[in-house]
Amino acid sequence: MNRKYEKNLDKIISTIEKARISVSEHHIVKIVGVSKYVSSKEIRAVFECGQRAFGENKVQDLEIKSKELNDIPIEWHFIGRLQKNKINKLIDLKPHLMQSCESLELAREIDKRLKIKNQKMNLLLQINSAKEEQKNGVLPEKAVEEYLEIKEECSNINLLGVMSIGAMSEDKKIIQKSFETTYNIYQKLEREGAKYCSMGMSFDYELAIKCGSNMVRIGSLLFQ
Ligand SMILES: *Cc1c(COP(=O)(O)O)cnc(C)c1O
């Protein structure tokens, strides 16, 4: 086993453990290893340390790496911007969870293609909780409404919750506020079957968990 990755993973797990216990004994957090910076070789090494879920942000990279690693049972997540002309390719790759659906319009398009292929897809609605121009996702004030519309209209999509990227700021309070906004929306959707509140990355996952996240996406800290 790779000692460096084993250590990184151990450190992340113990930080998560402390943060989740401060929320509740029953609060379970899932780790998605974001592998967009590394090749299949590094992913395999981290898999051998016990990590099963990995996330990619480009359909092309997901295709290459999932093929190279098809001998091991990796749970693949898609976390990037999905262009319309890549929807069919993503569906064919059968990811475990598409986390970055940025609009009702994109959900409709995905659902249309899923129906043609007679397939289903697990999906999260991405929320632009800090209303940043450079970020994708639905605005917080529209999130609940759009979520419910996707749920009602798109019968080949299994809508499982929300995803968000913390505010880009040096100020911890501003980051915290963006996580609280997302968690608030998630709570309203729990009775509609939402299971995942995916938020937190290498430099803010502890804070995200304290704000209620139950899925963290960690790249640089894991693969450093
Ligand atoms: C790159 C990326 C991450 C991981 O970022 P790190 O800071 O390297 O942990 C998480 N989520 C999304 C959507 C990303 O694009």
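**The ligand and an aromatic pair**

An oxygen atom of the ligand lies 2.5 Å from an N or O atom in the side chain of Ser 202, a polar contact (a pair of N or O atoms within 3.5 Å). This is a predicted model, in which local features need pLDDT of at least 70, side-chain atom pairs count only at pLDDT 80 or more, and totals for chains, interfaces and linings use all residues. Residues are numbered from 1 along each chain, and side-chain values use heavy atoms, without hydrogens and water.

Arg 217 has a side-chain N or O atom 2.9 Å from a nitrogen atom of the ligand. A polar side-chain atom of Ser 220 is 2.8 Å from an oxygen atom of the ligand. Of the 390 Å² of accessible area (Shrake-Rupley method, 1.4 Å probe) that the ligand has on its own, the protein covers 90%.

The residues surrounding the ligand (a heavy atom within 4 Å) include Val 34, Lys 36, Tyr 37 and Ile 79. This shell divides into six nonpolar, three polar and two charged residues.

Elsewhere, aromatic rings count as a pair if their centres lie within 6.5 Å; planes under 30 degrees apart are stacked, over 60 edge-to-face, and the rest tilted. There are four such pairs. The rings of Phe 54 and Phe 223 have centres 6.4 Å apart and planes at 45°, so this pair is tilted. Phe 54 and Phe 223 are 169 residues apart in the chain.

Terms used. A polar contact is a pair of N or O atoms within 3.5 Å; within protein, one must be able to donate a hydrogen and the other to accept it, and residues adjacent in sequence count only if both atoms are side-chain atoms. Ala, Val, Leu, Ile, Met, Phe, Trp, Tyr, Cys and Pro count as nonpolar, Asp, Glu, Lys and Arg as charged, and the others, Gly among them, as polar. Rings of Phe, Tyr and Trp (its six-membered ring) pair if their centres lie within 6.5 Å; planes under 30 degrees apart count as stacked, over 60 as edge-to-face and the rest as tilted. Helices (H or I, at least four residues) and strands (E, at least two) are DSSP runs, numbered from the N terminus.
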